[in-house]
Amino acid sequence: MNPLLPLNRFVPDAEARCWNDGRMYLYGSLDIPGDDGYCSGCYRVFSSPDLICWKDHGVSFTTMEETAGDFYGIRLYAPDCIFKDGLYYLYFCLADGREAVATSPHPEGPFTNPVPVIGADGDGIDPAIFLDDDGQAYYYWGQHSLRGGRLKENMRELEPGSVNRALLTESEHGFHEGASLRKRN
């Protein structure tokens, strides 16, 4: 066993992103020792300059405070983060099936002002964001069936008519959950 993080930090559903500062940032849900439920009501961000030494930036977003608005008190599942036009967008899903996004000027947060992702909210889990070379952002999510569509410029709404609700399915492709998209070559 060669853990990246301290043994008291359990981060399932992790997504790694390397930003312009050269550090690798790790976003994921957070299991709390002694809590038998899936995940928790907060996220922590970790970063590393070398993939050996990791810094815990502390709580980056939580639904355990009233600042979470309509998401207050609901467990957070797998997140993803993307940088566009000077802001970091933390996309997350909740235990009740909702999809949302919060923003920060910093990759480690704190992420604030959470709002639903219009067109995906209430329809699944595990968001994955892909930002193409032309600046167009795409949103993918789902369990048993991978859904996807183009995000509007505001990064909070899917473009109507762009959503495909069966990109991959469990029965046909073995897709269960947890898409992670990257572009190669």
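Reply: Strands are DSSP runs of E, at least two residues, numbered from the N terminus. Two strands pair if DSSP finds at least two bridges between them. This is a predicted model, where local features need pLDDT of at least 70, side-chain atom pairs count only at pLDDT 80 or more, and totals for chains, interfaces and linings use all residues. Residues are numbered from 1 along each chain as its sequence is written, and side-chain values use heavy atoms, with hydrogens and water left out.

Me: What stands opposite Y89 in β7?

Reply: T103 does. β6 and β7 run antiparallel, joined by six bridges.

Me: In which order do the four strands of the open sheet come?

Reply: The order is β5-β6-β7-β8, with antiparallel pairing.

Me: Which strands stand at the edges?

Reply: β5 and β8 (112-116); each has a single partner strand, so one side of each has no neighbour in the sheet.

Me: Now the core. Which residues touch the most other members of the largest nonpolar core?

Reply: Y27, F61, C81, L90, F92 and F111, out of 18 residues. Such a core is a set of buried (under 20% relative accessible area, 1.4 Å probe, protein chains only) Ala, Val, Leu, Ile, Met, Phe, Trp, Tyr and Cys residues joined through side-chain atoms within 4.5 Å. The largest share, four residues, comes from β6.

Me: And what is C81 in contact with?

Reply: Leaving aside neighbours within four places in sequence, C81 is in contact (heavy atoms within 4.5 Å) with R17, W19, Y27, Y88, Y89, L90 and F111. Another core of 13 residues lies apart from the largest one, and Y89, Y91, V101 and V117 are among its members.

Technical notes
Buried means under 20% relative accessible area, exposed over 50%, partly exposed in between (1.4 Å probe, protein chains only).
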